[in-house]
Amino acid sequence: MSKSDTSSVPCTDPDQLQDQFNDVWGNPRGWRALTIVNHTTIGLRFLVTGAVFFLIGGLMAMLIRTQLALPGYVLMEPEVYNQIFTMHGSVMMFLFAVPMMEGLAVYLIPKMIGARDLIFPRLSSLGYFCYLFGGIILLSSVFLGVAPKAGWFMYTPLSSSSHMPGVNSDFWLLGITFVEISAVSAGVELVVSILRTRTNGMALHKMPLYAWYILVMALMIVFGFPPLILGSILLELERAAGLPFFDTAKGGDPVLWQHLFWLFGHPEVYIIFLPGAGIVSTLLPVFCQRPLVGYRWVVLGVLTTGFLSFGLWVHHMFTVGIPALALGFFSAASMLVAIPTGVQIFAWIATLWLGKPVYHVPMLWLVGFLIVFVCGGLTGVMVALVPFDWQVHDTHFVVAHMHYVLVGGMFFPLMAGLYYWLPHFSGRMPSVRLGRWGFWLVFIGFNTTFLIMHWTGLMGMPRRVYTYDTGLGWDLPNLISSIGSFIMAIGIGTILLDIVLHFRFGQPAKTNPWNADTLEWATSLPPSPYNFVSLPDVTDRHPLWKDPDLPHSIARAEHALKTIDHGRRETWGSDPLTGEVREIIHLPGNSWLPFIASVFLGVLCLSLLNKVYMLALVATVATVIVLFRWSWENGAHPAAAPDAHTQPDEPPLHSRTFDGPGLWGMGVTLLADGTMYLSLLFGWFYLWTVSPEWVVPEHSNLNGWLMLASAILLTVGTLWMRVIPAKLRRGDSSGLLINLAIVSVIGTVQFGLLLWVLLSADLQITATAHDAVIFVILAYSLIHCALATICTILQAMRVNLGYVGKLAPYEPVVVEQLWYYNLGVIWSAYAAIVLFPSAWGGA
């Protein structure tokens, strides 16, 4: 009997079927564990690694509080103290808060939306290794004695080479950029997975609230992190190569760094808060045993919060000397964001009021969250008022406010979620006694530490000082704060002891032990690598309350997509709005490629740190080769899905359609890329209009006509590229190879013209910020044009091998998006650096 014949008779024995699924989805052991791409394993790796970084950051916090416990006390010299407080903030913000919330989302989202994995499993693996290696590189600076010491915000010119000539700042810039790659990759992964892999029938209005929160968080990462990545690249170029983006004397402006940083930094606050709020909205209905009040209002509040958060960045800069009109606008916007947050808080309180709360350990953390976060929100309204902010901006009041918002908004819900989902990780129930002790110690210790710190700040104690004189009224409150920090540390130790003992002595958990309503409790405990042996239809927001037998019927393979003898890893591809199934998405399996790519990226980072630029070039080329090799195993490739056979009642494979996950992944990635490019254009126009020493050099010899020719040629290539998918949609694959070859030639010539523009411009990139920005804009355009041309050449090769064609038409549609994006980039660059200066009168 042929394969197609046998695959039409799926296995019906549940135990045998699960064995077959394990053969396809199972995780290897030993060194080959580095090849695992399954979201459950990757999510747990994020969580464990984030917990280790949290303990390291917490130890740094204890050193800071010990140093400040008594006036004139010297535990650390000023140099070491500056390194420790810089690293404490950097570790907690970049290595703990965001990766921890992303890791939990990576673990939970497929289970909550009824999918077997995230949509780009290898991207998840790459993201984790980038996070791990970036964190190790950053922390290694502490042990080498060259840790960054300019503050976790790295303000220029303090972080510039003129004030910080060593490699201290370089460790931060390169290590954090490495970590940001991880964050953006997870953001892209989560956006596309939530929109495109929900189980059949799970429309947007039936999606779990946690998925809504994570969707908004991931979109905020996509739009919020690129400005910081750009800023880090520009500052590293200034430090390593002398390009003066932030040097006032050469036309730069140090305030530009603040704009780029806080364009990331304020959305970052809500990127941390929203997943925590999502945990609250998920757990409250469970422990109140009723649906959350105001589902639609909460969703609207989440969307509004995400949108408004991008209009608040300047309220971190009220004291740098910005116009009064801007002060008023951003002050009003900072208070306006309290409205959607208040909607969520009132929905939580109403749910508590109308339900019958059961105060298990997770509920204690939720109540603690409500108290602490509301207090942090009230002080947030205070610092949004410009006159008040002028008084307390650089005092301990702001430190206290920030910790109330971040710890209250993120750490307390995270601990509630940890205790709630512990049975998922271990198959055992958490203890009650140690859990309660841990909560009360942390709650009392936290408030003792930071509530008193508001008082210290109002009495004028500045932040970031390593010691202080006695007799200023700061002695007693600092001592109390330090005692509170040790109480909190004991609480954290109690929680760690509880978790360790739990894995050994916890009571085995039954199916759906909390009587929860969401699909992650329909898996086995702990879950299998594939989550669900069959994928159910969902017609309700609370599927397990509607059908309590769902975990058992899923395990008995009574639902859909239960064929596995073809050897493919499959999950549903659904409509973004209705959740109706449109195709079967076949997912890649375990691979060394993400790990190898991350190693080369790590070599690149270390080479730049040590200024071994030839090795950095080699590592860059090696990384690009690995990533293109990675992309080669796709679609109809023998290692992906050469056999397109599906069951008679099933939709086609995604690689045999025009709307697969890669199309969405490319689109969301280009949104992030475009945000970075728009931030670059923002910097160009900002410096042109604001920088006090901005000068257009007389030697500037940018050939506008040559750049226009390049843009026109790219337009021709893009229009030609557009013809290829259009013909494939009509079922016509004639001339496919020839057309791709022609487009590749056009792209190569266009790249050559643009390179000619750059080389002939005689840019003095170290003399003026004007030329430095033009250089970066042209280099950005060159890199993207080269990428589009190489992708098109690879498409021609794949057509020649039979991997792309009428029956597998999916990939040219993905590459087409990149050509359109490049077209927008080059025309906007032409308008910015050629037309705008002429119109302004400064060419």
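This is a predicted model: local features need pLDDT of at least 70, side-chain atom pairs count only at pLDDT 80 or more; totals for chains, interfaces and linings use all residues.
Reader: What share of residues 31-539 is helix?
Author: Counting DSSP runs (H or I of at least four residues for helices, E of at least two for strands), the stretch has 0% strand, and its end C-alpha atoms are 43 Å apart. The helix share over residues 31-539 is 68%.

Reader: At what angle do helices α11 and α12 pack?
Author: Helix α11 covers residues 338-354 and helix α12 covers residues 361-383, with their axes (lines fitted to C-alpha atoms over the stretch in contact) 12 Å apart. T341, I345, W348 and L352 in α11 meet M363, F369, L370, F373 and V374 in α12, where contact means heavy atoms within 4.5 Å. Taken between N-to-C directions on a scale from 0 to 180 degrees, the packing angle is about 140°.

Reader: How many residues apart in sequence are the parts that the pair of W152 and W262 ties together?
Author: Among the 61 aromatic pairs of the whole structure (ring centres within 6.5 Å; stacked under 30 degrees, edge-to-face over 60, tilted otherwise), W152 and W262 form an edge-to-face one, 6.1 Å centre to centre with 90° between the planes. W152 lies in the loop between α5 and α6, whereas W262 belongs to helix α8, so the pair joins parts whose separation in sequence is 110 residues.

Reader: How far apart in space are D117 and W348, C-alpha to C-alpha?
Author: D117 is located in the loop between α4 and α5, and its relative accessibility of 1% means that it counts as buried. Leaving aside neighbours within four places in sequence, its contacts include W25, H39, N531 and L587. From W348 it is separated by 231 residues in sequence, and the distance in space is 31 Å.

Reader: What is the relative accessible area of S182?
Author: S182 lies in helix α6 and, apart from neighbours within four places in sequence, is in contact with F46, E102, G127, Y128, C130 and Y131. S182 is buried, and its relative accessible area is 2%.

Reader: What is omega for the cis peptide bond that joins L525 and P526?
Author: Another cis bond runs from T156 to P157, with omega near 5°, and P157 is in the loop between α5 and α6. P526 is placed in the loop between α16 and α17, and for its bond with L525 omega is about -10°.

Reader: What is the phi of N515?
Author: N515 is found in the loop between α16 and α17 and, with a relative accessible area of 38%, is partly exposed. Although N515 is not a glycine, its phi is positive, at about 55°.

Key:
Residues are numbered from 1 along each chain as its sequence is written. Side-chain values use heavy atoms; hydrogens and water are left out. Rings of Phe, Tyr and Trp (its six-membered ring) pair if their centres lie within 6.5 Å; planes under 30 degrees apart count as stacked, over 60 as edge-to-face and the rest as tilted. Buried means under 20% relative accessible area, exposed over 50%, partly exposed in between (1.4 Å probe, protein chains only).
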